[in-house]
Protein chains: 2
Amino acid sequence: MPVNMISKLLEKAVLPALDVAPPVKIGESRRTAVLRNPNMEKLQKGYLFPEISIKHEEHLRKYPDAKVISLGIGDTTEPIPSIVTSAMAEYALALSTPEGYQGYGPEQGHKNLRKVIADTVYPDMGIKETEVFISDGAQCDIARLQTLFGPNVTIAVQDPTFPGYVDNGVIVGQTGKVDDAGRYAGIEYMRCAPENAFFPDLARVRRTDVIFFCSPNNPTGHAASREQLRQLVEFARRNGSIVVFDSAYAPYVSSSGGAGGAPRSIYEIPGAREVAIEVSSFSKFAGFTGVRLGWAVVPDELLYADGSPVARDFDRVVCTCFNGASGVAQAGGVACLSGEGRAAVQRVVGVYRENARVLVETFASLGKEVYGGADAPYVWVRFPGRRSWDVFAEILEKTHVITVPGSGFGPGGEGFIRVSAFNSRDRVLEACDRLKSFLA
Amino acid sequence: MPVNMISKLLEKAVLPALDVAPPVKIGESRRTAVLRNPNMEKLQKGYLFPEISIKHEEHLRKYPDAKVISLGIGDTTEPIPSIVTSAMAEYALALSTPEGYQGYGPEQGHKNLRKVIADTVYPDMGIKETEVFISDGAQCDIARLQTLFGPNVTIAVQDPTFPGYVDNGVIVGQTGKVDDAGRYAGIEYMRCAPENAFFPDLARVRRTDVIFFCSPNNPTGHAASREQLRQLVEFARRNGSIVVFDSAYAPYVSSSGGAGGAPRSIYEIPGAREVAIEVSSFSKFAGFTGVRLGWAVVPDELLYADGSPVARDFDRVVCTCFNGASGVAQAGGVACLSGEGRAAVQRVVGVYRENARVLVETFASLGKEVYGGADAPYVWVRFPGRRSWDVFAEILEKTHVITVPGSGFGPGGEGFIRVSAFNSRDRVLEACDRLKSFLA
């Protein structure tokens, strides 16, 4: 058979299997025939923080000499205590020795780190080291949890809140399209505003499979009280829902004891083990935003409707989609939780907390309605009747201070801006001076 | 209204919204009403490598004094050159200084690392630094790519191959159920066996949206020739498919030049930029299995059927589901790709390559049918008429050497075992002695 006949036959053997039209040439580029993931199409255009970076860069092009101060993205700025970085350096250098070399660690994390988290972050809460899964950060865990839950679950989120819960839900296919106000069809938005003490009226909240709850909340800075969290756990138990509790800002809680205090963990609430997963992070606790380390707790008692443990499937996701956090970062994590390390990182947390206090005082002195700051590194300021992005743009234009428009955290954030306490004291004071001149 | 009436009303307001039956008490544990993700249910019971760890532990319990040698999971064992670990240590220590502190890096990775990868791994292949996305390893990138593609695409994989492509596809919902032979409905398995020079007869391969292709292949150790990859790219272009090329073992290719050599990158093939993504890793190149660092290349010219760039959606996935690789690991990656660093890590690769040669020679001297090893750290040995798990168990029982059953990599691996060259020379030689006594 002549070669070109063979090739014709081969082509025939392949072409009938085509699911979609063959590619066409468009200008220089040749498209594939692969359809774009419809869930990716549903995502709102820009992810909040990259959008703000773009605005920042545009501003720098317009005012090349401006001394821009960023109180925008919640990124730590202060050096990490040397007890922690020395531990990381030591671990790294040991990788050059036969005794110190380590290849793959367990996907779930080094045993010593899991244990020290169970012992020091969850004392008397009955959390076992095997229930602690080490990760490369809370955002990554949220993505893996959404992968775990899959497209069929319904979810509820605080409004406003960190956009990662919703965006990862959209990507795995839990939602319909977004409306003009920024609400995705299928998601239950639980309004958290000054009017309801930043806690939803649960009697009016539709039952969902999963409830994402961040406390202290990003962006409002509100730490839910013990009574509020008791209601949340009871609501989840009554409805058979799973709470994903994000405690990334727990080290900023100032009063955690007693009935009035804000718990640092959902597991301080009786009955939480059967309904709650907790995700947390070293990022804001120890300045590990670039080092990348966090964890998730999935208690053994948390079961799906068929009685199978959620932890078993989560373990499978961790082993299949992830391969463990960097061993170097894990060595740093262990150092953070030693007695001396803990004291040292808590001093840095203290710097940001004092920044937050100064920011709250500044806005209050200007007669602004201001929230948060006491138990969180975020200050939440209302600008009644204004649109968040307009306020953001005006503050940037007039004071060269970057904030975050509240509407970036959900429709319930409209009319607010979030001001981050993550910067050096000098820059925060300078920003306060500029804000005072501008807003006075 | 009396309080208990209010509470009755509140209960009513919540209960009608229940989607599923309220939870019931089962023994001590209280189930939630959340349905388990049906995609997770589809996964075959054990993930291969944890399963092998379990067998390893069982063996140690049975023979507490046995000197077990692991030629199983492909985990690096040799120390990392100190030029690399010094760079990581230096970076870590600098995090304790105001000048050296870095918070969040760009989600896509540090600019200097992206540039050095584009320049040194892809010289003359037209890869731009902005097309390189830094990650925490190839497995994590495969999971993110499957999240990107979503549930509606069809996929093809080599059979046998690394299980991560399929498992992550199952998790996002691309497949039906698994059959008794271990094949998931909906996946196109491309048999790669000695009989077809480890390359599928593409004329008989059904068109799919995405083709996962690993070369040098894990587990067979076969590096596809230039002509084979030319056929693959042509096949993808003809069908409008996307190739995900996994080059994690590229540093082990011994002859990459000329028509007969095996390319180290898919981008050595003309026309690949319009159809191929490449994922790769520092794990097997620089002993970074525990440090966690890899990358993906998504060329600008790779387009979905609607003309939108795949890279734009991948960027969004990286920003939403991930938050960048550890900065410490990235500093190590830069050091690996300096002139001196490259020479040093290549010397370690040489150790494993020599191990592979010794293993091939051992099995060949015993009259075994043996493949791979020349361009890969894996040796693929056939045991005709035997089941892989039986051979694995027998070798472990008789020689205390851990291997990997070929069937763990897909039904096409049945009757083979994979032997890893990742161990010290002494242990590999000792393992060879034991295998010789056993198999002779």
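**The interface between chains A and B**

The rule finds 4 salt bridges across the interface of chain B and chain A, a salt bridge being a side-chain nitrogen of Lys or Arg within 4 Å of a carboxyl oxygen of Asp or Glu. One salt bridge joins the side chains of B:R316 and A:D167, at 3.3 Å from N to O. The model is predicted, so local features need pLDDT of at least 70 and side-chain atom pairs count only at pLDDT 80 or more, while totals for chains, interfaces and linings use all residues. Residues are numbered from 1 along each chain as its sequence is written, chains are lettered from A in the order in which they are written, and side-chain values use heavy atoms, with hydrogens and water left out.

As for the extent of the interface, chain B and chain A each bring 110 residues to the contact (heavy atoms within 4.5 Å). About 9,000 Å² is buried between the two chains, 57% of it on carbon and sulfur atoms; buried area here is the accessible area (1.4 Å probe) that two parts lose on being put together, summed over both. B:R30, B:Y104 and B:R316 supply 9% of the area that chain B buries against chain A, more than any other three residues.

With the copies superposed by least squares on the C-alpha atoms of residues with pLDDT of at least 70 in both, a rotation of 180° with 0.0 Å of shift along its axis places chain B on chain A (RMSD 0.0 Å). That is the relation of a two-fold axis. In chain B, the C-alpha of B:A89 is the nearest to the axis, 2.0 Å from it. Of the interface residues of chain B, 100% are also interface residues in chain A, so the copies meet through the same surface.
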